[in-house]
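Here are some friendly notes to read alongside the model.

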Amino acid sequence: MQEKPTTVAAYAAGASLAAVALFYVFGPNYTIDGDESNDSNRKKSIVGLSNLANDCFINSVLQALAGLGDLRVYLIHELHRRQLDGPETYHTVASDEELTDGATDKLRELQQGITTRALKEMLDRLNERPIYKKTISARDFIQALEYAFRTRISRNQQDAQEFLQIVLERLCDEYHAGVRARRRALGSAAAASGSEGSAQESSSEVEVRIDDGSVNGLPAIIDTKLKEIDQESGFPFEGMMESQIECQFCHYQYKPNQTAFVNLTLQVPQKSSTTLGSCFDGLLKTEYIEDFRCDRCSLQHAVDVKSKELARARSQSDRDRLEREISRLREAIETDPEAELENITLPPSESVPKRRIARYMRITAFPKVIAIHLSRSIFDRSSSSKNAAKVSFPERLPLGGLLTQKWYKLLAIVCHKGSHHSGHYESFRRNHIYPPFSTPGAFSSYAQSRVASENPSAAPSPRIHPRSSPEDSLGRQSPATSTISLSGSTQLTPGRPTTSGSRRSFQSTLSRSSKTETQTQTPSPSDSPSTDQGRWSSSISAPRASRSIPRPSQERDAGTGVSSRLRRRRKPADRWWRISDEKIKECKTSDVLGMQREVYLLFYELEKPDSTE
């Protein structure tokens with residue numbers, strides 16, 4: 001009996017819907033996470049943030065932070081380490097610290113890292129790859145921040161820089177509190193091991209040395225390694241700045257004063273246009289100050305005055321006293337002019353000559369991520385206004401001297417449109433696939449790996465038969481063999497999402513290989529098994545599913561090799577997201593660099609030594 005056309009159409013539609021549903025349940029990342037998914041006509045977007053209470057200054061900062069890879073790596077590492085150490089390590093407060101009940105609770109919360117955990121969850125939600133327009137709220141993170149400070153965040157002032165300062169300082173305090181808690185726990189464990197070792201020594205008279213860092217103990221390997229880990233994976237925004245004063249008369253250099261920072265504030269000059277480098281010069285350039293009383297010159301002045309008194313002294317006691325004071329003054333000049341001298345009467349400060357000094361500022365510890373605030377406020381006696389000068393900023397920023405130069409790459413900015421008292425914030429975030437990825441739905445990856453393991457592919461895996469050569473006998477691989485092995489291992493790993501572009505590249509490689517094999521397997525008078533034995537392995541006559549590998553020269557001529565495709569895919573770094581709360585659209589780097597009047601916050605990330613971009 002012939003089926004009706006309507007029945008056939010219904011069956012076909014049902015099968016299509018089932019296939020689509022099965023695809024999006026078990027493997028949605030095939031077309032979401034791949035670069036080649038940009039070729040589709042579907043409009044791409046990212047997760048936006050709702051603005052219900054004038055929260056644009058919060059949303060813009062959170063979106064900018066979501067695009068910083070080193071910050072996300074730090075959050076993952078820090079929370080994972082806290083989980084491994086256990087909650088007892090960060091719940092215990094040192095007993096020798098005299099704190100009130102409220103201060104003890106605040107210190108315990110710093111050690112537990114409440115804001116760090118809330119920010120990680122917030123950034124993970126913002127880094128999802130939605131398949132439809134999605135908007136979330138920052139309410140959970142705001143509540144965690146308000147609970148940490150025991151106050152409400154005011155929506156009246158609406159300053160993105162102040163909000164960023166609060167968040168970064170809180171994260172930095174939680175990091176250092178966690179480091180102190182870990183060192184205290186390590187010290188307690190070493191002390192417990194020491195008491196146990198002492199008991200064993202007294203009972204069995206065996207010398208037991210512990211890792212306590214003392215002279216007789218073993219080297220403090222654990223503590224040294226812990227400090228190295230904390231230094232390598234420290235808070236990415238924290239840097240160190242050093243200021244030093246030099247007297248231009250005696251050229252005495254004061255002891256440098258080091259201060260930590262989590263962001264830098266640069267004053268924008270009142271001009272029509274300027275550059276970011278000029279703003280840095282205002283902070284780091286040498287500053288000359290007049291009418292300064294140098295400590296070394298003051299001591300030298302006291303020596304001169306007391307030498308004149310010694311020449312006029314008549315009694316022996318006065319001479320002995322003045323000689324002792326002059327000797328101590330000269331010793332202080334040679335050793336430490338800044339130290340206070342007791343039991344010595346110095347001349348009046350009004351009689352000390354004034355000098356001209358130079359003040360130097362430099363960055364001694366460069367952070368992994370540097371946040372720059374361009375201060376555009378102009379304050380008068382009666383009112384305040386906004387400096388609308390154009391500030392040109394580069395995509396790659398060099399910092400430091402010739403010997404300590406570091407290069408930073410622009411990843412995000414926050415712009416402000418409007419006047420000093422009102423306006424709107426929006427952010428620009430680089431559109432790049434930046435690991436680690438957020439995987440809130442673990443079911444899809446688990447089901448995909450389960451299906452891949454239970455239902456293996458019917459097509460045989462490609463096996464490579466390299467030519468026998470002196471290099472092959474030493475265990476080396478030819479370039480063609482290594483290329484196809486990398487591609488095959490990438491595609492055939494169970495549970496790993498494969499992009500459509502990678503599958504097409506692999507299929508095109510296999511199709512070219514099948515054509516080459518057809519020509520290779522055709523017997524010819526010149527290619528007999530006896531003459532070809534030195535070129536191919538003995539398994540060439542057996543049936544196999546592998547294909548002959550095209551030479552690198554053929555791949556370069558064809559222009560469709562795997563390596564050439566990977567090189568061509570590095571261009572999408574030019575795309576950016578322009579985010580205004582829940583409104584999101586794409587733009588280019590030139591559009592971002594053109595926001596010279598509106599730029600307010602800049603986020604640069606330190607380039608890695610092996611960076612190829």
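**Notes on the predicted model**

1. The axes of α7 and α8 come within 9 Å of one another and cross at roughly 170°. Axes here are lines fitted to C-alpha atoms, for helices over the stretch in contact, with angles from 0 to 180 degrees between N-to-C directions. That makes α7 roughly antiparallel to α8 (angles over 145 degrees count as roughly antiparallel). Helices (H or I, at least four residues) and strands (E, at least two) are DSSP runs, numbered from the N terminus.

2. A word on the source: this is a predicted model, so local features need pLDDT of at least 70 and side-chain atom pairs count only at pLDDT 80 or more, while totals for chains, interfaces and linings use all residues. Residues are numbered from 1 along each chain as its sequence is written, and side-chain values use heavy atoms, with hydrogens and water left out.

3. Which residues bring α7 and α8 into contact? From α7 come Ile114, Thr115, Ala118, Leu119, Met122 and Arg125, and they meet Asp140, Phe141, Ala144, Leu145, Tyr147 and Ala148 in α8. Contact means heavy atoms within 4.5 Å. The residues of this contact divide into nine nonpolar, one polar and two charged (Ala, Val, Leu, Ile, Met, Phe, Trp, Tyr, Cys and Pro count as nonpolar, Asp, Glu, Lys and Arg as charged, and the others, Gly among them, as polar).

4. The largest nonpolar core has 46 residues, and Phe141, Phe237 and Phe603 touch the most other members. Such a core is a set of buried Ala, Val, Leu, Ile, Met, Phe, Trp, Tyr and Cys residues joined through side-chain atoms within 4.5 Å. Buried means under 20% relative accessible area, exposed over 50%, and partly exposed in between (1.4 Å probe, protein chains only). Elements that each supply at least two residues of this core include α3, α7, α8, β9 and β18, and α9 gives the most, with nine residues.

5. Phe237 deserves a look of its own. Leaving aside neighbours within four places in sequence, Phe237 is in contact with Leu65, Leu68, Leu71, Leu168, Phe261, Val262, Pro367, Val369, Ala371 and Phe603. A second, separate core of 31 residues includes Phe261, Val391, Val592 and Tyr604.

6. Helix α3 is mostly covered, with eleven of its eleven residues buried. Among them are Asn59, Ser60 and Gln63, along with Phe57 and Leu65.

7. Glu78 lies in helix α4 (residues 69–85) and counts as buried because its relative accessibility is 1%. Beyond residues up to four places away in sequence, Glu78 touches Tyr175 and Arg182. Glu109, in helix α6 (residues 101–112), counts as buried at 8% relative accessibility. Setting aside neighbours within four places in sequence, the contacts of Glu109 are Ile114, Tyr147, Ala148, Arg150, Arg170 and Glu174. The C-alpha atoms of Glu109 and Glu174 are separated by 8.1 Å, though the two residues are 65 residues apart along the chain.

8. Is His251 buried or exposed? His251 is exposed, with a relative accessible area of 51%, and it sits in the loop between β3 (239–247) and β4 (257–261). Its phi is near 60°, a positive value in a residue other than glycine. Asp581 also has phi near 60°, in the loop between β16 (575–580) and β17 (583–588), but Asp581 counts as buried at 9% relative accessibility.

Terms used. Angles under 35 degrees count as roughly parallel, over 145 as roughly antiparallel, 65 to 115 as roughly perpendicular and the rest as oblique.
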